[in-house]
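The sequence and model are shown first.

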Amino acid sequence: MYFKDVIGQQTAKQRLIQEVKEQRIPHALLMTGPQGVGKLALAIAYARYICCTNPTDTDSCGECQSCRLFDKLIHPDVHYVFPVIKKKGSSKEFSSDDYINEWREMVLKSPYFSLNDWLTTMKADNQQPLIYVKESNEIIRKLSVKSMLGGYKIVIIWLPEKMNLECSNKLLKVIEEPPSQTVFLMVSDDPSVMLPTILSRTQRFNIHSLPETEIANRLLQNGLTETDARAIAHNAEGSYLKAIETLSISEDNEEYFDFFVQLTRLAYMKKVKELKDWSEKIANYGREWQKSFLSYCQRMVREDFIYNFHQPDMVYLNTEEKKFSQNFAPYINERNVIEIMKELNEAALHVERNVNAKMVFFDFALKIIMLLRKK
């Protein structure tokens with residue numbers, strides 16, 4: 001991953017390159033922003049540029065030993081940390097090293113992926129991914145030894161918000177006072193849930209959403225027609241990841257849509273028994289799937305509310321969703337939209353806290369019955 005491979009983000013690239021040129025590399029940088037805007041890609045390109053022994057004004061050279069090692073993500077002085085699960089049948093804590101081969105394969109395929117994608121790769125089922133305290137011990141051990149290539153030692157932490165409390169506390173000192181020529185690059189989707197004492201030891205770097213033109217241009221390079229590229233980029237809301245998901249039309253998205261349609265129709269018809277069956281089906285899915293489904297419901301409610309204003313350029317729905325919303329959108333209005341979003345947020349919070357999923361979704365469905373009648 002070079003800077004040239006990162007979609008857009010020219011301002012961010014220029015700032016990172018300038019920091020290296022002026023030897024102002026922060027010891028702990030927190031890259032944060034929406035999903036799918038290239039944060040991980042930027043972090044890896046930045047790490048490569050820092051380690052490159054013959055960089056140009058705009059990118060790494062691609063020819064030195066460091067760059068050749070980066071091509072396979074096997075640079076001995078660059079360590080990757082990310083959320084993992086415990087493997088079935090084992091009681092021990094796992095670390096990133098236990099999944100490093102799967103991680104390398106996924107990142108090399110494309111650094112634009114979500115936590116759900118990573119969970120699928122790990123075959124996580126219903127397990128919650130975490131960065132365990134064992135990881136902090138591994139980081140401290142790795143940073144205590146001399147640099148293999150004589151340059152910087154870099155730790156890239158993807159989703160540091162997934163560090164458990166013990167791991168976070170153990171890393172405080174090394175993040176605040178790292179060994180010489182050591183850099184922490186943290187890539188976060190939601191820094192608000194990180195330990196405040198970790199946040200205070202980092203330099204925050206906000207990575208912004210991508211312009212539609214940047215997404216469309218990359219889609220054109222991938223062989224799409226201009227019409228399709230522009231339509232998908234318009235619906236991506238500044239996220240290349242969303243563009244990819246729209247392009248692939250994943251089975252999950254189809255399922256989300258089907259379950260959302262079932263919920264709204266059954267709720268409108270007050271089919272309580274069928275809604276109980278619906279909630280039990282949802283409960284059979286993993287927790288991360290359930291959270292993603294609720295996020296999808298939030299998007300649909302938001303888009304259906306906007307649909308009523310008859311501003312096509314502001315509506316981000318695919319063909320099937322738009323067809324459904326022609327009839328459903330009027331039922332999402334100023335008298336119920338805030339309450340529906342509140343119930344969706346509460347359901348997501350309960351799922352996160354591992355409350356019984358059947359109860360969570362059946363209770364939510366019953367409330368939707370009442371809220372859809374507020375016309």
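A cavity here is a set of points, on a 1 Å grid over the protein atoms alone, where a 1.4 Å probe fits but cannot get out; a pocket is an open set with protein on both sides within 12 Å along at least five of seven lines; and lining residues have an atom within 4 Å of a point. The model is predicted, so local features need pLDDT of at least 70 and side-chain atom pairs count only at pLDDT 80 or more, while totals for chains, interfaces and linings use all residues. Residues are numbered from 1 along each chain as its sequence is written, and side-chain values use heavy atoms, with hydrogens and water left out.

**Cavities and a pocket**

The count comes to three cavities of 30 Å³ or more. A volume is the space filled by probe spheres set on the grid points, which are joined across faces, edges and corners. Lining residues are classed as nonpolar (Ala, Val, Leu, Ile, Met, Phe, Trp, Tyr, Cys and Pro), charged (Asp, Glu, Lys and Arg) or polar (the others, Gly among them).

| Space | Volume | Lining by class |
|---|---|---|
| Largest cavity | about 140 Å³ | nine nonpolar, four polar, two charged |
| Second largest cavity | about 80 Å³ | eleven nonpolar, one polar, no charged |
| Second largest pocket | about 250 Å³ | seven nonpolar, two polar, three charged |

Helices (H or I, at least four residues) and strands (E, at least two) are DSSP runs, numbered from the N terminus. The lining of the largest cavity has 15 residues, and Gly-36, Lys-39, Pro-111, Phe-113 and Trp-158 lie nearest its centre. Helix H2 (residues 39–51) provides the largest share of that lining, three residues.

Around the second largest cavity are Phe-260, Leu-263, Thr-264, Cys-297, Val-301, Phe-328, Ile-332, Ile-340, Leu-344, Phe-364, Ile-368 and Leu-372. Helices H12, H14 (287–307), H16 (337–352) and H17 (357–371) each supply at least two residues of this lining, and H12 gives the most, with three residues.

In the second largest pocket, helix H12 (251–268) and helix H15 (319–328) each supply at least two lining residues. The residues that line this pocket include Thr-264, Arg-265, Tyr-268, Phe-324, Phe-328 and Leu-372. Thr-264, Phe-328 and Leu-372 also line the second largest cavity.

**Aromatic pairs**

Rings of Phe, Tyr and Trp (its six-membered ring) pair if their centres lie within 6.5 Å; planes under 30 degrees apart count as stacked, over 60 as edge-to-face and the rest as tilted. The whole structure holds 27 aromatic pairs. The pair of Tyr-112 and Tyr-240 is edge-to-face, because the ring centres are 5.2 Å apart and the planes stand at 80°. Tyr-112 belongs to the loop between helix H4 (100–109) and helix H5 (115–122), and Tyr-240 to helix H11 (residues 240–248), so the pair ties together parts that are 128 residues apart in sequence. Both Tyr-112 and Tyr-240 are buried, where buried means under 20% relative accessible area, exposed over 50% and partly exposed in between (1.4 Å probe, protein chains only).

Phe-260 and Phe-324 are also edge-to-face, because their ring centres are 6.2 Å apart and their planes stand at 80°. This pair links distant parts of the chain, with Phe-260 in helix H12 and Phe-324 in helix H15, 64 residues apart. Phe-260 counts as buried at 3% relative accessibility, and Phe-324 is buried with a relative accessible area of 10%.

**Charges over rings**

A charge sits over a ring if NZ of Lys or CZ of Arg is within 6 Å of the ring centre and within 35 degrees of the ring normal. The charged end of Arg-15 sits over the ring of Phe-205, 3.9 Å from its centre. For Arg-373, the ring is that of Tyr-268, with the charged end 4.5 Å from the ring centre. Tyr-268 is also one of the residues lining the second largest pocket.
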